[in-house]
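Here's a short tour to read with the model open beside you.

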Amino acid sequence: MDVEKLINRAVVNTEPMFSAYLHSRGNAAGVPVSATFELTARCNFNCKMCYVHLQDSALCKSQEKSAQWWIDLGKKAIEQGVVFLLITGGEPLLREDFPEIYTELSKLGFIISINTNGYLITDKIVELFKKNPPTRLNISLYGASNKTYENVTGVPAFSRVVENVKNLKKMGIDIRFNGSFTSLNAEDSEAILNISRELNTHVKGTQYMFPQVLVGGKPGENPCRLSPEEAARKRVEWLKLIYTPEEFEKRLKAMVDGVDAFRLSCDEECGEGKVRCRAGKSSAWINYRGEMCFCGVAGHPFSIDEYGFDGAWKKVKEFSASIRTPAKCENCKYRNICCVCAAACYTETGNFSTVPEYVCRMTENIAQLMKNEVERLGIGNGN
Amino acid sequence: MEIKKQVILRSVAGEHMLIPVGETVFEYNGIFMMTESGKLLWENIEKGAEENDLKELLMQEYEIDSETALNDVKEFLEMLKAFGII
């Protein structure tokens, strides 16, 4: 038995088929199959790369919606067809009324995931999760040591977070580590993967950080993200780490095939693009001020108090459908392998229709690095 | 028959499903997709219907013979038993 292969398989995160299927049904019917409830923008960490970073904590708290508001919203979300509910922040466990909100939401019939930094897993939270376990906890792991944690978050929290994860795993909670790699912690990526294997969690690594336009940052800026070249290098390194050699080779071939397939299919110049993902088609984001957006990082909110859940969803759908992304991206040979999206265009450039150069450079570098791998392994023409 | 697990029937975008809630989430990391007839059977199991009641329901709703209806009901109940739901 190839144990290493099994372990590798265990950590690679993939979306369940039923989720992909229900979202496709939601896209076709205009039903919000998934929703995110951003309970707060406040956080006990101070991560410089975070898209809700540097907000006035007292002001944020004063703008938050009450526990009852979120519980009522959950009931409306059920009526509108939401199945997958992601509870996030800031740090959602920072809310003193989190247990009240979560207990009520978990009775309604959602498949619930929670984004948390894993620091505030108190005895009370453990008891809460024993009675009503989330389907998954997504825990941001910011490094593989207290020192890296202090650099990234301002808090030397690594040991405590890992202890909390061990306890949650013992309870049977399914956990995914989310690694956000920046200039402050990118060197820890392999160690984070090893911790994930040791603790038997899923893991997802992200090398692209959105600019922080939601909190007044300039488009195209994120103070500690990697350069596009470095982000590309770390991305390819990550793929080599998480996959077996055979799986990595398959991905290389798929990438080459994807680029070739686009070339072959593109007889005519394409026009502007539209939103490619589920945002505003089968997915809604409700921020801590009680506003619905098509996407969590690209703003353009509609007040739920003013329009109601269903009215805001109609507005969000209309807005998402009205977005036009760059024609250049639609005609790019790397379209099938690029992570560009409407939110990336908006946060990188200030509008949806301008090409995000950072993303271009990152993708071009990934393509070149993968091409180098293709040549090294002798598995294709490498064009 | 007794429902042993905490599940909620949902119908979304034309699809029917049983979603685990409470401690049942520990046991099933997913959902149970159901057909239209599965939904009908489950709704009536929740109301306390037994095997024969379910057979009658299928015969009325789908205009099928007794043997076919009974086989379908048995198959459905076996599936629920296999997952420990009833």
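Some housekeeping before we go on. This is a predicted model, where local features need pLDDT of at least 70, side-chain atom pairs count only at pLDDT 80 or more, and totals for chains, interfaces and linings use all residues. Residues are numbered from 1 along each chain as its sequence is written, while chains are lettered from A and ligands numbered from 1 in the order in which they are written.

Helices (H or I, at least four residues) and strands (E, at least two) are DSSP runs, numbered from the N terminus. Helix 15 of chain A covers residues 357-377, so to speak 21 residues, and spans 30 Å from its first C-alpha to its last, close to the 30 Å expected at 1.5 Å a residue. That expected span is 1.5 Å times one less than the number of residues.

Next, who is hidden? We call a residue buried if 20 or more other C-beta atoms (placed from the backbone) lie within 10 Å of its own, exposed if 12 or fewer, and partly exposed in between. In helix 15 of chain A, the buried residues include A:Tyr358, A:Ile366 and A:Glu373. Looking down the axis of helix 15 of chain A, the buried residues fall within an arc of 125 degrees, so they line one face of the helix. The arc is that of the directions from the helix axis to the C-beta atoms. On the face turned away from that buried side sit the exposed A:Glu357, A:Asn372 and A:Glu375.

**Strand 1**

In strand 1 (residues 34-38) of chain A, 5 of the 5 residues are buried, so the strand is largely enclosed by the rest of the structure. A:Ser34, A:Thr36 and A:Glu38 are on one side, with A:Ala35 and A:Phe37 on the other.

**Where the chains touch**

Residues are in contact if their C-beta atoms, placed from the backbone, lie within 7 Å. The contact takes 20 residues from chain A and 16 residues from chain B. Helix 2 (residues 17-29) of chain A gives the most to chain A's side, with 5 residues.

How values were computed. Two residues are in contact if their C-beta atoms, placed from the backbone, lie within 7 Å.
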